[in-house]
Amino acid sequence: MKGKTLLGLLLFLIMFLIPFLSMGAKIPDKTDKPSSRSSSSAVQSGQQPQAKPQSQPVSQTPQSSAPAAQNTAQFKILDTKSNQVLTVNDRDFLYGAIVTEMSPESQPEALKAQGVAAYTYYSRLRTQERASPTASLKGADFSADTQGWQIYVTKTQMQERWGTKFDEYYNKLTQVVNAVYGQVLKSGNDLADATYYAISSGRTETSEDIWGGKRSYLISVASPGDVFAGGYQTTVTLSADQFKAAALKAAPKASFGTDAAKWVGAVSRTTAGSVKTIEIGGVSVTGNDARNAFGLRSANFTLTCKDNVFTFVVKGYGHGVGMSQVGADYMASQGSTYKQILAWYYPTTSLTAIAT
């Protein structure tokens, strides 16, 4: 009886331990975790991050069981000042593209949203240009003014401008780039036309209203945080002579009588409030042409004339289509993630990680 009891106890212990022994073969090795090579030190030493899987949703964790691939994707950028074509890998481009559009002191989630939007926009241009090259670009994908901090700047230029703040800003940017590198917005299978600008009027514009091309994701959405921004509302005042000279640039056939108060006629507006057309000197002018002619920050303006003085009151800064950078920064300050910001300003698009 005693022997049977011991045998039963032994069998119980074996049955109890077998599941734990079998689990040992399933414990993942450290190499199964996402790579941490895309760290600040890796960037500064010139190492390249691992490529992300083709078309993998960003909400999933990339698998690292396959061998790491080196970054071979590059942008070719015509520097308009030096007339030289710069070859820049995609990761370095992100740094320069983000800081030419937003201050490095902006909210990190807003900087991430800007990084994805810029990378998507210029990747789309790259695809289009390489399919149908423009001779004036000399083999480049697009042009930029690096000295004027337009579209792209180098790390050296950042160091020169930021001085003692460089390490702080660059380390912050590195964390931003690490988080979004290789991510793009897609509409169906195509890269989205992810346009952006500084400040909206309080609502974004539709692409159809501003440029005539309808896109399902470039529609009018509320952007209430913009009204709190410095520079949200600006004023331009012109004498009658100044107004007439500027108007003739947009409407060379305009006719101006002696009564300046009658120079401006009917105005039509977009659903978000920008001027679609305005009659000046008997000629219909688009809001964008008027904006350019009179040096306004946006086409969302009202115009009055009193005592031969014209006053424009302007809301926002930029074309108003797509993501408002100030609006994105406000959303981030209220707790929104970059994914939520992008989903708000580019509805119906999908955030996708591509091979880089």
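**A close look at helix α11**

Mentor: Start with the residues of α11 that count as buried: Tyr338, Ile341, Leu342 and Tyr345. Look down the axis of α11 and these residues fall within an arc of 95°, so they line one face of the helix. Keep in mind that this is a predicted model.

What covers that face? The cover of the buried residues of α11 includes α4 (108–131), along with α6 (166–180), β5 (183–187), β14, α10 and β15 (350–353).

Now turn to α10, which spans residues 325–333. Its buried residues are Gln325, Gly327, Ala328, Met331 and Ala332. They cover an arc of only 160° around the axis, which puts them on the same side of α10. Their cover includes α4, β7 (196–197), β14 (323–324) and α11 (338–345).

Check both ends of α10. At its start, a side-chain oxygen of Ser324 comes to within 2.9 Å of the backbone nitrogen of Gly327. Just after the helix, Gly335 has a positive phi of about 105°.

Next, follow Tyr345, one of the buried residues of α11. Tyr345 is in contact with Tyr217. Tyr217 sits in the loop between α7 and β8. At 4% relative accessibility, Tyr217 counts as buried. Beyond its close sequence neighbours, Tyr217 also touches Tyr346, Pro347, Thr348 and Thr349, as well as Ser187, Ala192 and Asp193. Ser207 is ten residues from Tyr217 in sequence, and their C-alpha atoms are 9.0 Å apart.

Is Phe228 buried or exposed? At 62% relative accessibility, Phe228 counts as exposed. With Val227 and Tyr330, Phe228 makes a nonpolar surface patch of about 300 Å².

Now the charged pairs. Side chains of opposite charge can pair when their charged atoms come close. The whole structure has eight salt bridges. One of them joins Arg215 and Asp193, at 3.3 Å from N to O. Arg215 lies in the loop between α7 and β8, and Asp193 in the loop between β6 (190–191) and β7, so the pair ties together parts that are 22 residues apart in sequence. Arg215 is partly exposed, at 30% relative accessible area. Asp193 counts as buried, at 11%.

Lys276 pairs with Asp209, and their closest N and O atoms are 3.2 Å apart. The pair links distant parts of the chain, with Lys276 in strand β10 (residues 275–280) and Asp209 in helix α7, 67 residues apart. Salt bridges with shared partners also join Arg124, Asp193 and Arg215 into one network.

Arg126 and Asp90 form a salt bridge at 2.9 Å, N to O. Asp90 lies in helix α3 (residues 90–99) and Arg126 in helix α4, so the pair ties together parts that are 36 residues apart in sequence. Asp90 counts as buried, at 0% relative accessibility. Arg126 is buried as well, at 11%.

How values were computed
Residues numbered from 1 in each chain as written. Predicted model: local features only at pLDDT ≥ 70, side-chain atom pairs only at ≥ 80, totals over all residues. Heavy atoms only, no water. Patch = residues over 30% accessible without salt bridge, like charges linked within 9 Å, V, L, I, M, F, W, Y side chains within 5 Å. Areas by Shrake-Rupley, 256 points an atom, 1.4 Å probe, with all protein chains shown as cover. Salt bridge = Lys/Arg side-chain N within 4 Å of Asp/Glu carboxyl O. Buried < 20%, exposed > 50% of the residue type's maximum accessible area, 1.4 Å probe, protein only. Helix = DSSP H or I, 4+ residues; strand = E, 2+ residues; numbered from the N terminus. Contact = heavy atoms within 4.5 Å. Arc of directions from axis to C-beta. Polar contact = N/O pair within 3.5 Å; in protein donor to acceptor, adjacent residues only side chain to side chain. Lists of a residue's contacts leave out its neighbours within four places in sequence.
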